[in-house]
Amino acid sequence: MVLDVNSGSVHLVEKLAYDLLDFYGELGLKDITTNLKEFYDEEEIKEAFSEIEILVDDGMLFSDDEDMSDLKYNDDNIVKAMCLHIAHDCNLKCEYCFASQGNFKGERSMMSLETGKKSLLYLAKNSGNRRNLEVDFFGGEPLMNFQIVKQLVDYGRSIENEYNKNFRFTITTNGVLLDDEKINYINENMDNVVLSLDGRKDVNDTMRLTLSGDGSYDVILPKIKKMVEKRGEKDYYVRGTFTSKNLDFGKDALSFHKEGFKKVSIEPVVAPEEMDYAIREEHLATILKEYENFSKEYIKLTHDDKDFMFFHFMIDLNQGPCAVKRAVGCGAGSEYLAVTPEGDLYPCHQFVGEKEFLLGTLDKGIENEELRDRFKAANVYNKEECRNCWARFYCSGGCHANAHYAHGDIMRPYEIGCEMEKKRIECALSILANQED
């Protein structure tokens with residue numbers, strides 16, 4: 001495969017063209033032929049050279065990078081998505097929880113109906129001409145405050161016509177409190193649902209513990225299976241986390257498939273190096289190899305089950321995001337905001353509780369404009385490590401929170417995360433090529 005970074009073009013080539021590209025641009029056809037004629041027929045070399053020239057002329061190889069060093073992003077400060085922290089409390093105590101078991105380093109609290117309404121109204125009023133708006137009910141565990149969730153869905157629907165908006169609701173849950181009533185309501189009213197489970201029983205029960213210290217797998221699995229079975233064609237993800245304790249996470253993804261889950265994700269934990277479950281540089285080679293091994297299994301599996309999807313192996317080469325979106329990423333701190341139960345505004349859910357990242361409040365709006373501008377400027381053209389990285393337009397500079405917790409600087413990407421992302425992209429391209437073959 002040959003990837004042209006700036007145009008996004010991906011070419012499946014024969015070995016001759018692949019070898020020729022090592023010299024193209026440095027040597028002319030005559031010298032290239034001299035270097036390759038021991039291995040290839042001269043006429044075939046000339047033909048491959050000619051085909052490469054056509055791709056170059058068409059802007060599909062060695063294309064120029066558009067000069068976006070003065071990139072203007074979201075000048076109107078449009079907000080299109082919100083993460084509502086419905087509950088700063090949780091009924092599990094997961095070892096790796098970045099939210100300090102649900103309270104985000106503060107008091108345990110629940111979002112009131114008044115604060116929730118203010119959130120949806122803020123989003124409606126600050127979203128400009130954008131019609132489709134994303135709202136994620138998050139925690140802690142949002143099912144602990146489910147009555148408010150239902151009231152907010154009703155309120156959102158009641159103001160859609162007035163503001164010409166369409167709220168797309170998502171809920172993220174550990175599944176402990178799921179019952180038939182909640183399952184039916186969520187399936188009817190939520191555009192997406194994220195269900196937390198870590199894969200195999202022993203893996204899950206090592207990290208995702210009940211308040212009594214027992215494993216949660218046997219409690220959660222039957223409930224989320226019922227949820228998925230009833231959900232039909234609507235979107236969902238069963239989402240796991242892998243740590244240094246399960247570097248063979250491909251087996252966890254396969255266990256999801258065995259349980260009948262078709263849309264799955266397993267994310268690497270981000271934790272201080274001193275934690276025994278943290279992913280450190282010494283684990284990287286094993287992780288990259290695991291992605292490769294799992295990608296091969298994935299090709300075989302999806303040959304027979306085309307509905308199975310692993311989030312990190314999904315890649316769109318036909319209709320991806322626009323150039324600006326490829327450079328700036330998720331929009332945290334600008335287009336995307338997190339709201340606490342008290343109505344405080346943060347760049348995203350992973351910054352909640354970090355007072356230096358407090359942007360403002362629902363009542364007063366964004367007060368820390370300097371912080372918002374810093375997030376708006378955190379794009380691949382302003383991050384030194386990203387400028388010459390081949391994967392920059394796929395990862396868009398990586399996660400701001402991971403960068404902050406790794407280096408104390410949202411402009412310095414988390415290197416271990418970068419290497420994992422590059423391997424995931426490489427595997428995703430390989431999977432697509434094999435599926436097309």
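Trainee: Why is D19 called buried in this predicted model?

Mentor: Its relative accessibility is 16%. Buried means under 20%, so D19 counts as buried.

Trainee: What makes K15 exposed or buried?

Mentor: K15 has 58% relative accessibility. Exposed means over 50%, so K15 counts as exposed.

Trainee: How do you know that K15 forms a salt bridge with D19?

Mentor: The closest N and O atoms are 2.9 Å apart. The cut-off is within 4 Å. Both residues lie in helix α1, 4 residues apart, about one turn of the helix.

Trainee: Why is α10 called roughly parallel to α15?

Mentor: Helices α10 (residues 284-304) and α15 (residues 415-436) pack at an angle of about 20 degrees. Angles under 35 degrees count as roughly parallel, so α10 is roughly parallel to α15. Their axes are 10 Å apart, and the crossing is right-handed.

Trainee: Which residues make the contact?

Mentor: Among them are E292 and Y298 of α10, and K423 and M420 of α15. By class, the contact has 10 nonpolar, 5 polar and 5 charged residues.

Trainee: What makes K423 and E292 a salt bridge?

Mentor: Their closest N and O atoms are 2.7 Å apart, and the limit is within 4 Å. The pair links distant parts of the chain, K423 in α15 and E292 in α10, 131 residues apart.

Trainee: Is K423 buried or exposed?

Mentor: K423 is buried, with a relative accessible area of 11%; the cut-off is under 20%.

Trainee: Why is E292 called partly exposed?

Mentor: E292 has a relative accessible area of 25%. That value falls between the 20% and 50% cut-offs, so E292 is partly exposed.

Definitions and conventions: Residues numbered from 1 in each chain as written. Predicted model: local features only at pLDDT ≥ 70, side-chain atom pairs only at ≥ 80, totals over all residues. Heavy atoms only, no water. Axes fitted to C-alpha atoms, helices over the stretch in contact; angles between N-to-C directions. Helix = DSSP H or I, 4+ residues; strand = E, 2+ residues; numbered from the N terminus. Parallel < 35°, antiparallel > 145°, perpendicular 65-115°, else oblique. Left-handed = near helix turned anticlockwise from the far one by under 90°. Contact = heavy atoms within 4.5 Å. Nonpolar A, V, L, I, M, F, W, Y, C, P; charged D, E, K, R; others polar. Salt bridge = Lys/Arg side-chain N within 4 Å of Asp/Glu carboxyl O. Buried < 20%, exposed > 50% of the residue type's maximum accessible area, 1.4 Å probe, protein only.
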